[in-house]
Amino acid sequence: MTLSRGAAFAIVVLRVVIGWHFLYEGLAKLQTPAWSAAGYLQQARGPFAFFFRSLAADANLLPWVNQVTMWGLVAVGLGLVLGCFTRFASLGGIVLILMFYLCNPPFVGYFYAIPTEGSYLVVNKNLVELAALVVVFLTRSGHVAGLDRIIHGLVRGRGRLVQA
Amino acid sequence: MAVDDTKPEAEAAGSGRKLGRRDVLLGLSTVPALGLFGYAWQKQRSYEQRQRQAAEAVRPAAPADLEPIDVALVGAGAQGQVLLDAMLRIPGLRFRAVCDIWTDFNLRRAVNTLKKYKFEVTGYEDYRQLLDQEKELDAVVIATPDFWHAPHTVACLEAGKHVYCEKEMSNTLEGASRMVAAARATGKLLQIGHQRRSNPRYLHCHDKLLGEAKLLGRIVTVNGQWNRAVAPDLGAPDRYQIPEARLKQFGFRSMHEFRNWRWYKGKGGGPIVDLGSHQIDVYNWFLGAFPSHVMASGGLDYHDPKTHEWYDTAMVVYEYETAQGPARAYYQTQTTNGSQGYFENFMGDQGTLLISESEANYPGRLYRDPNAPAWDEWIQKGYVTAPKIVEKEAEEDPSVLDVRESVSPDEHRVPVVLRDPYHQPHLENFFDAIRGKARLNCPAEVGYESAVTVLKVNEAIEAKQRLSFRPEDFKA
């Protein structure tokens with residue numbers, strides 16, 4: 001992929017701030033005693049509402065959903081900030097945000113009890129962050145600046161050594 | 001300038017070198033962002049901690065000469081947790097033990113919480129073992145299902161402990177009277193958890209507004225309710241199921257019954273007892289009388305009879321003979337719609353008191369009837385706030401006030417706010433009584449009177465007729 005140096009580094013900045021946001025969302029939830037996604041899941045609207053509500057209703061699944069959400073956010077956040085397994089992290093982030101978006105989509109005529117700041121029509125900040133992560137995913141941002149650059153170099157380097 | 005900046009130098013150069021200096025620098029270039037994050041997070045955490053400490057500092061620290069009271073909690077479910085949270089804010093308590101048959105969940109959670117607060121606590125599955133081992137205990141707080149209250153309370157009293165037992169005192173009057181007898185025989189304190197009896201707002205209304213100022217005049221009617229929205233049954237993850245043998249040993253037929261015991265006959269008393277008992281207790285308290293008759297309509301109108309036995313809907317009318325004359329009190333509880341929540345509304349010939357335990361909804365409003373004597377004296381004394389001027393609603397409202405309609409009365413507020421958890425003052429009253437500094441606000445006898453009043457509703461629904469109370473029914 002060929003990008004201008006400025007564009008490449010701008011995407012690195014984009015990746016780091018998204019990672020920061022994920023990391024704090026995860027840690028803040030982990031710090032909240034008995035945090036649960038139940039409230040958010042229960043107010044699900046739209047075509048997948050049934051699926052999300054069934055997650056909240058299942059006493060066996062809900063603890064897993066909570067853990068995956070909290071630790072998923074932390075892991076994706078760390079990956080994005082450090083540029084470590086960036087493609088994997090951004091894909092994980094895309095999946096998580098897609099879930100958040102589809103659970104409470106800001107479609108016309110839906111009103112939620114757990115409030116979101118700002119005014120949204122179909123597009124909300126979840127969707128913007130998701131789109132930004134797609135850019136991060138596609139541009140190998142970790143190879144510009146991030147641990148991926150070192151990891152990649154080490155793997156390649158070892159390959160060379162073996163060849164030699 | 002278009003560059004491919006994504007390939008490591010080594011690769012770009014096509015050499016066998018592992019990594020260039022530039023690769024390492026760029027590779028680590030975002031690590032400082034994580035450092036910055038850590039710094040910001042630490043700042044945020046210490047800010048939150050300071051906020052918490054400031055909130056806690058409002059509570060006086062335990063005086064040095066405060067003799068610690070050794071406490072155990074029996075029953076660490078949802079209600080036990082509420083009581084525990086409130087007790088953790090009371091200085092001078094030393095938690096020694098927790099007991100719950102759901103060892104993998106309730107017990108573990110409560111023990112972990114207490115360990116976090118640096119208490120050396122032991123967890124027990126069986127209360128008898130707790131009483132055998134913990135000889136040093138002064139007091140036991142009981143928040144088990146209603147049908148266990150009598151056995152637990154009597155055993156603790158006989159072991160020489162003071163007891164705070166959640167309401168309803170018992171699911172049977174026989175159990176409740178055994179509790180009263182045990183308290184009398186042992187001379188130990190028994191407080192029943194009708195916590196409104198210690199709520200400063202309710203005390204202010206009872207002692208000052210109704211007792212001293214008599215703001216309502218003669219109370220002729222009362223109404224109140226607890227409406228609760230439909231809620232799914234409580235469940236439990238498979239990995240936390242209690243073994244069947246243990247469930248049976250402690251009187252439960254299934255995990256569902258254990259989790260939802262309030263709905264089962266022989267275990268709890270249904271919504272009229274769970275919810276109504278708090279408020280009907282206030283009816284007796286504020287009217288200063290016991291009812292002479294009760295009629296009630298109720299049934300299992302909505303919920304699945306396979307998993308629910310008690311009435312999900314109950315509408316009750318009590319008849320009282322108060323010192324001022326007859327009064328009628330309506331109460332309803334239903335579990336299909338939560339509109340307007342819960343409140344008690346006392347209506348006298350001079351004013352109305354609308355009150356609830358909630359700080360958010362109906363936290364104490366008084367309405368003076370236009371013909372009643374002025375309340376200026378009580379406003380000056382700070383018993384009630386100055387009236388709120390009710391502005392005329394929207395000019396465009398086309399409705400016309402019929403001359404026969406009453407003018408809406410002035411609204412005053414009860415200027416007492418409880419900033420602590422709702423159960424805290426009642427628990428404090430219990431521990432103060434142990435130290436000899438207070439009298440119990442809801443001793444066993446009062447809990448018994450309340451149980452007599454409330455349990456009769458289920459009887460009246462079943463009988464489909466107006467039932468009467470004899471004055472001696474209220475004496476244990």
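This is a predicted model: local features need pLDDT of at least 70, side-chain atom pairs count only at pLDDT 80 or more; totals for chains, interfaces and linings use all residues.

Visitor: Which residue is the bridge partner of Thr221(B) in β11(B)?

Guide: Strands of a sheet pair through backbone hydrogen bonds, either parallel or antiparallel. Here, Thr221(B) has Arg328(B) as its bridge partner.

Visitor: What is the order of the strands in the open sheet of chain B?

Guide: The nine strands follow the order β15-β14-β13-β12-β8-β11-β10-β9-β16, and their pairing is mixed. The edges are formed by β15 (410–413) and β16 (467–468) of chain B, each of which pairs on one side only.

Visitor: Which strands does helix α15 of chain B touch?

Guide: Helix α15 (residues 444–463) of chain B packs on the sheet and touches β9 (291–299), β10 (313–322) and β16 of that chain. The direction of the helix makes about 55° with that of β9(B).

Visitor: Turning to the other chain, how many helices and strands does chain A have?

Guide: Chain A has one strand and eight helices. Along the sequence, the pattern reads β-α-α-α-α-α-α-α-α.

Visitor: What are the spans of the C-alpha trace of chain A along its principal axes, and what share of its residues counts as buried?

Guide: The trace spans about 60 × 35 × 25 Å, and 35% of the 164 residues of chain A count as buried. As for contacts in chain A between residues at least 6 apart in sequence, 75% join residues at least 24 apart.

Key:
Residues are numbered from 1 along each chain as its sequence is written. Chains are lettered from A and ligands numbered from 1 in the order in which they are written. Two strands pair if DSSP finds at least two bridges between them. Helices (H or I, at least four residues) and strands (E, at least two) are DSSP runs, numbered from the N terminus. Two residues are in contact if their C-beta atoms, placed from the backbone, lie within 7 Å. Axes are lines fitted to C-alpha atoms, for helices over the stretch in contact, and angles run from 0 to 180 degrees between N-to-C directions. A residue is buried if 20 or more other C-beta atoms lie within 10 Å of its own, exposed if 12 or fewer, and partly exposed in between; C-beta atoms are placed from the backbone.
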